[in-house]
Amino acid sequence: MSRDPRVRDEIKFHRDRLIEDYMAGGMSRTEAERRAFLDFGNPLQIEESVGDVHGRWLEDFGRDLRYAVRALGQHRGFAAVAVLSLALGIGANAAIFSLVNAVMLRPLPVPQPNRLVQITRVSSVGRPGALSYGLFEYFRDHVSSISGAFAESGGDQAIVIDGAEDFVTADLVSGGYYTVLGIEPAAGRLLGPDDDALSPSSPAAVISDRYWERRFNRSPSAIGSAVTIRDRVFTIVGVTPRSFQSARTGHAPDIALPLLTMMSEGQRTEITNNWLSVMGRLRPGATVEQADAEVQVLWTSFLKTQAAQAPEKNRPGILRQRASAFLSPDGINPFRYDYAQSLLILMGIVGLVLMLACVNLSGLLFARAAARQREVSIRLAIGAGRGRLVRQLLTESLLLAVIGGTLGLLPAGWFSGRLMALFVNGRSFTVSTAPDWRVLAFTAVVALLVCVVAGLAPALHAVRFNVNPALKEARVQGRWWLGKSLVVAQLAISMTLVLGATLFLRTLVNLHSVERGFDSDGVLTISVRSSRPYEAARGFAVQRAIVERLKRLPGIQSVSAAQVLPLGGGLWDRVVQVEGYTFRPEESESVGFNVIAPDYFKTVGTPLLVGREFDDRDTGTSPRVAIVNESFARHFFGATPAVGRRVTSVGVTYEVVGVVRDAKYQNLRQPVMKTLYISWLQRDGDQPTRYSYLARVAMDNPMGLAPSLERAIGDVDSSLHIRAALTYATLVERSIATETIMATLGSVFGALALIVAAIGLFGLLAFQVSRRTNELGVRMALGATRGAMIGLVLRDVSAMVAAGVLIGAGLALTLSGLARNMLFGLTPTDPAAFVTAAFMLGLVALVAGWLPARRASRVDPLIALRHE
Amino acid sequence: MSPDARSARPSHLPDPEWKKGSAELLVLSLLEAQPRHGYDISKLIQLRSGGALKFHVTSLYPLLHRLEKQGWIVGRWVEKAEQRRRRYYGLTPRGRQALRAKHQSWKDFVALISRVTGVQHG
């Protein structure tokens, strides 16, 4: 080891003077040198301590690093296995963390995002809910601890620029939007309170940087351009900066329009028409607790006014509603609520995978420590400090962790992007999962943790080697115990992961096999958009013409339409009165409500049980008719026939003409609602764009029709376009995307864990059998049967598996409660799942243990006895 | 330390790290009159204390290098004819100041101990 030569000179001088003095006192040279050596100790250590004063550790680190690189270069197999397993463990963590970061941690790119609060209604399960325009004004004007507030809503708009039509994503924003957020324009000016008026003299709009580039090629002349939206002319007055998308996570609008100008009469005036997200900025010095306290007072007084106007029986329900103000640095972020749980569980899963990788690396390092015993003993014998050696060994695991982490980070970016696409699942959601400083810092911390967790114990173990060979036997015993614990740890982690995978897989299977009440095979769903709204009679004619035109496409069996499709996200609620039925005082009068076209049930594959479907006889002038589902009929009519009964809703009385099988509308998990269907022929004033059109097609791939759809729709009306055309099967898959992700990732990581554990077990047993060849030979010589020998090895296996299963099951029991509400058709403590997981673990262990066991049973006593 | 305890203490209380400080005080004092090399310093400490104080090289050289890094002493190599080159350490102006402060602090400390224990200097 090379040190500062001048320090060495200085110390050597000291030592030589000491020797001279001893000799001057009458000692022989040999005696003087011996005394000086005793006084002095190890000169290297003095040099090291002096080096530490000068911050020499960095130099040491560089030297250790070079040494580690050389050492790993000499053991490429070991390095490759270690780096690969770490890359996997760290990469998986970085990928999931990228998602957590993108969806839950990243604040809005605005000044002081931690002063932003969201004001919302709060649902019974704690989810934020929208507010009406009236409530927005009420809170904006009365909460004194906020300096300003804005309301926002997003949606698609058809716009016309220079006669060319374009469909864009729009943001409707109130006047305070940009000031409260603190956004500066990239060009021109942004919308302010003066722009947000009912009918402004010159309506203004602001475009995004992205749209500026896409549509105007960043030309300054974009500002001042006219945009026509719903026959109204807006002037583009400015461009938002590139860094800013919107106050809503994942929403990337092309254009922002003043809220008041764009609102309908109903949206502006109905106090219960909740459709807006509201945010505010805390006044300097004010706290979110103060803001929330004010909101509570205002909300209570609002509810009391509402309750006073409502019928007696509705009052408790009204007064139970909640609202709240809470810090929201990441803006309006529904995804946090949608995906927090899945992401945290995934984080837990990859955390376990990382632990597995650590255990694996520990095992490898222990094995290496054993192989290095001689080297370490020699170093200790010639006076290397133990701390210094530990530092050197840790440098090696740090190097492995850093290489593994870097290698893991590369696919992590790709993986998190793919995973995000799976979660987002066809919806428009623009959020970058590219690694930022948070992801990099997280990965660095994880790599460091790995280095310490996996490397420290083997390093300390390595320097414990005593130079005295008498301790050898005890050491081997110790290592056997250690190897066993590591394998049990691997088995336990695998058990937890396999159990988790089993639970999620069974959930997916249960969801697939649950009774849906419709048949998605061979059905195409089509939604349309139009650049301008139709007046009532024309809209009515257009929607019927779409159905008629679609029927003429080749291979079509039937065509229909509905406002809400099964698994389309939930039916509307309608309050009903049912002839001959009296609601109990606390009973809800709401039922599910859907508007459908003729042939709907035939097309969607929901069996008609009694009566008839709607047909062309049901018109605006004929008696109003309705169809109900089984749940509705059973609940309100019991055993008596439903057909012919009367149901009243929103002042219209319908006669029930048919009963259909129950179908799932919200999603596959939710129970079926009592449902009332009415015909679109008896309801006008709807826009054709509000319906989803369905076509049952007699071909293997319904998407084969897609290319001809745009023209067919264009034939009906030139301003109509296809918004989306998907097979129904795709919609069904999307409705269970999260469950599919959990089951797939759970299984992949579970299988991986099993493989790692199997390799660990195999390695340990193979080593053990080869070490015990001698003993096994003696046993054979003394008449042990092959079966007995196999049993001998497998007894070890079963002991380790039993321990792994028990520890893993315990771990799983404490963790799986977190996933309780993500499961379907089983509980986290499902005994069958535990048995399945334990069985799989046992099977894999048996396979891993079989080869070493067989080898043990084939030991030739003669060879074995010569073995030693 | 509670604020009460702090306010009850006289302002001229010695450096609480007097143990570590005493090593620095010894080395700085020895260098006050003239520059010396490491062996000289350790020898003098041992000699003047009649063998009671002994500075092990393992702590002496790191201490010297630390004091040098703090700018209190400065080391320079001296080569003379017929002699091996050796490294002499001398006090810097800042080192002198530090020495004075340490002297005072030590005296205060000793005086305080004496007052409390009633042991007077002979």
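Tutor: Helix α1 (residues 5–24) of chain A lies across β1, β2 and β3 of chain B, at about 100 degrees to β3(B). This is a predicted model in which local features need pLDDT of at least 70, side-chain atom pairs count only at pLDDT 80 or more, and totals for chains, interfaces and linings use all residues. Residues are numbered from 1 along each chain as its sequence is written, chains are lettered from A and ligands numbered from 1 in the order in which they are written, and side-chain values use heavy atoms, with hydrogens and water left out.

Student: What is the order of the strands in the open sheet of chain B?

Tutor: Two strands pair if DSSP finds at least two bridges between them. The edge strands, each pairing on one side only, are β1 (36–37) and β2 (73–78) of chain B. The pairing is antiparallel and the order is β1-β3-β2.

Student: Which residue of β3(B) stands opposite B:G75?

Tutor: β2(B) pairs with β3 (residues 86–91) of chain B in the antiparallel sense over 6 bridges. Opposite B:G75 stands B:Y89.

Student: How many residues of strand β21 (residues 692–697) of chain A are buried?

Tutor: Buried means under 20% relative accessible area, exposed over 50%, and partly exposed in between (1.4 Å probe, protein chains only). A:S692, A:L694 and A:R696 point one way from β21(A), A:Y693, A:A695 and A:V697 the other way, and all are buried. In a regular strand the side chains alternate between the two faces of the sheet. The strand β21(A) is mostly covered, and the count is 6 of 6.

Student: Which residue of β21(A) is the bridge partner of A:V559?

Tutor: Strand β12 (residues 523–530) of chain A runs antiparallel to β21(A), joined by 5 bridges, and there A:S527 stands opposite A:S692. Strand β13 (residues 556–562) of chain A also pairs with β21(A) in the antiparallel sense, over 6 bridges. The partner of A:V559 is A:A695.

Student: How many nonpolar residues are in the contact of α25(A) with α26(A)?

Tutor: The axes of α25 (residues 786–816) and α26 (residues 831–857) of chain A come within 8 Å and cross at roughly 150 degrees, which makes α25(A) roughly antiparallel to α26(A) (angles over 145 degrees). Contact means heavy atoms within 4.5 Å, and the residues making this one include A:V797 and A:L813 of α25(A) and A:L841 and A:W850 of α26(A). Ala, Val, Leu, Ile, Met, Phe, Trp, Tyr, Cys and Pro count as nonpolar, Asp, Glu, Lys and Arg as charged, and the others, Gly among them, as polar. The contact has 1 charged, 3 polar and, as nonpolar residues, 17.

Terms used: Axes fitted to C-alpha atoms, helices over the stretch in contact; angles between N-to-C directions. Helix = DSSP H or I, 4+ residues; strand = E, 2+ residues; numbered from the N terminus. Parallel < 35°, antiparallel > 145°, perpendicular 65-115°, else oblique.
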